[in-house]
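Here are a few notes to read alongside the structure.

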Protein chains: 2
Amino acid sequence: MSIVARNKNSKPRVTVKDLARDLGMSVSTVSRAFHADAVIAKDTRDVVLNRAREIGYSPNPFARSLITKKTRIVGVVVADITNPFYPEVLTRLTTELRAIDMNVMLVAADQSGEVDQALRLLLNYQPDLAIILAATLSSEAAQECRKAGTPVIFFNRLSADDHAFGISCDNILGGRSIADYLVDTGHRRLAYIAALADASTNVARHRGFSERAVERGLAAPVVIEAGQFSYHAGYEAARKLRDLKEMPDGVFCANDILAIGFLDGVRRELGLGVPDDISIVGFDDIEMAHWPSHGLTTVQQPIEKMLEATVSLAKELGTNAGKEPVVQMIPPGSVIERATTRRRHHG
Amino acid sequence: MSIVARNKNSKPRVTVKDLARDLGMSVSTVSRAFHADAVIAKDTRDVVLNRAREIGYSPNPFARSLITKKTRIVGVVVADITNPFYPEVLTRLTTELRAIDMNVMLVAADQSGEVDQALRLLLNYQPDLAIILAATLSSEAAQECRKAGTPVIFFNRLSADDHAFGISCDNILGGRSIADYLVDTGHRRLAYIAALADASTNVARHRGFSERAVERGLAAPVVIEAGQFSYHAGYEAARKLRDLKEMPDGVFCANDILAIGFLDGVRRELGLGVPDDISIVGFDDIEMAHWPSHGLTTVQQPIEKMLEATVSLAKELGTNAGKEPVVQMIPPGSVIERATTRRRHHG
DNA sequence: CTGAAAGCGCTTACAG
DNA sequence: CTGAAAGCGCTTACAG
């Protein structure tokens, strides 16, 4: 009801000009103090930086990036947030990127078509880098990134597009070591519970598992399609065990959350004992896998190393934006044996 | 090894100037086409917008915000990511803010002191709004926001600072309705498993629960301090039941993830039957609460409405940045009865 | 080592 | 309704 609206609700921010005037220096000199590689007397820099702290000045990142064409923003697209693996990756990634002074602009994509859309929005902000978590891009969208000069990293996925970077666990190796583990512990009838059909993680884990099982002299594992990386999908997949001619004795589920759903399904819907009747192995080693109620045997994803690789790549791309895309495959940990598997003896 | 470094790895982006030249119009006119409330002939606007789409122009948000002082960025600080409640809130919030053309800049804070720090970093980007998920701010940090003209919303927390907005479930009411439920179903010895001592959610749920229990003629519920909103804390809290003089028959845990840990602990460490020996109620209704292996009786947080309120507040603050801070309390759903509680009969 | 000047890509009074 | 001009807060050749 007041006549004069208070439009200026904030004090105007202090700018280079203010600081320069305050110090009796030129704007250029003040500006240089904030760039590690600028030519400026050490004393001058110290004076500027100290005074800046006192009066609360820091350079406006927007004005800066208008000129430098660097935004220090990394656009992160996250899709499959229902998998507890990703919240952890997301927060740790955010934290570690902050440490190299990069900021995360987050876009969520519920459905797969939205990933393209999400990335386009992000591109408006001209991120120095885009990271795609748990999803892939259409090749058109990938090309748009290239046009915009934004490098793309696929995290935990391999992309069809070979102009993008990839950082992923070596899922074939992981699948193979699970096959070895199950064979070594006396399992003879293997099954694979498949998740998202076109996810590279799903495909590679299956492939490694299957190939190695055959190499070790077993029949190729039976496949049950769960369709998703989710608890619910795993639970439902357990029901499908009934349709099998022969009950498997060792089951590898595409990831932990799927395995946990499957585990619950096997116990509750089929009334089978785990590990007594059937052994179950997951992939990821999420926190829930340690819970006493599950005690899931699984393989650890090398998150630590994957994050390290991502951050150092981000850093490198900062100085060398033209770097040729490469895919880094990081070997997973070995099988962590818990309570969902046991050795089987044969007469 | 090439002699000329390819520094310009991206084609320069198309700017207003390019588009203006292309259309034979002034830069001003082109610019106006992108502002709904600008004075411009409808036909002109259509021509500009169409051509813009063709050549892939969209206004540089940085240059724009340099002038408008609006960034359309909302800074989100997330702390307690281990609670599965928050990933969902975060992604949905991101998605819904996108729908009103606002972008999320994410900062993660592992420890509580980091929240202040995180927010300060965010403030550099002059977000139009800051949303704090599952945490509070020191009053100094809150004041810095005020100085910078950035409104702050505490989501799912009440803040000590009364200059901030708050959007929260009515936790007192929630606590009360759980007390009513337990009393109505014949429970006589209540206990509360407390989480983070200074979290407003924890305090209010406890208070509502305790007050109502007394109103209904019971002794004040025994309190076991779990200290955290986490599975692990809940599991450990179950052990402490042993120290109690009398075993409670109805237990309210500060939230679902705590309740699930507690549930597992009660079953595995104490060998007690749930719900036969003891009833357990959580708070949140996270997805995991539906899982057949838990079937947790709980109260639903009104996420939908909380998000709605947040988004509409964000919208309103866009046109009226000086709005007086208010706290909105949204009533929770009623108790959802599942498999961790049962009616008790007394002789 | 420092300063004056141009310019990044926009928006917005101000004229017309 | 449209255009020319100023200016947002910076950085960076270019001189000195």
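What is the order of the strands in the open sheet of 4 strands in chain B? Please keep in mind that this is a predicted model.

1. The order is 7-6-8-9, and the pairing in this open sheet of chain B is parallel. Strand 7 (222–225) and strand 9 (279–281) of chain B are the edge strands, each pairing on one side only. On average, neighbouring strands of the sheet are turned by 20° against each other, direction ignored. As a reminder, strands of a sheet pair through backbone hydrogen bonds, either parallel or antiparallel.

2. For a look at one pair, take strand 6 (residues 190–194) of chain B, which joins strand 7 of chain B over 4 bridges in the parallel sense. Among the partners, Ala194(B) is bridged to Glu225(B) in strand 7 of chain B.

3. Next comes a helix over this sheet: helix 9 (residues 200–215) of chain B lies across strand 6, strand 7 and strand 8 (250–253) of chain B. Helix 9 of chain B runs at about 170° to strand 6 of chain B.

4. Now over to chain A, where Thr298(A) sits in strand 10 (residues 298–299). Is Thr298(A) buried or exposed? Thr298(A) counts as buried because its relative accessible area is 0%, and the cut-off for buried is under 20%.

5. The surroundings of Thr298(A) are worth a click or two. A polar atom of the Thr298(A) side chain lies 3.3 Å from the backbone oxygen of Gly282(A). Leaving aside residues up to four places away in sequence, Thr298(A) touches several residues, including Asp256(A), Val281(A), Gly282(A), Phe283(A), Ser334(A), Ile336(A) and Arg338(A).

Definitions and conventions: Residues numbered from 1 in each chain as written. Chains lettered and ligands numbered in written order. Predicted model: local features only at pLDDT ≥ 70, side-chain atom pairs only at ≥ 80, totals over all residues. Heavy atoms only, no water. Pairing = 2+ DSSP bridges. Helix = DSSP H or I, 4+ residues; strand = E, 2+ residues; numbered from the N terminus. Axes fitted to C-alpha atoms, helices over the stretch in contact; angles between N-to-C directions. Contact = heavy atoms within 4.5 Å. Buried < 20%, exposed > 50% of the residue type's maximum accessible area, 1.4 Å probe, protein only. Polar contact = N/O pair within 3.5 Å; in protein donor to acceptor, adjacent residues only side chain to side chain.
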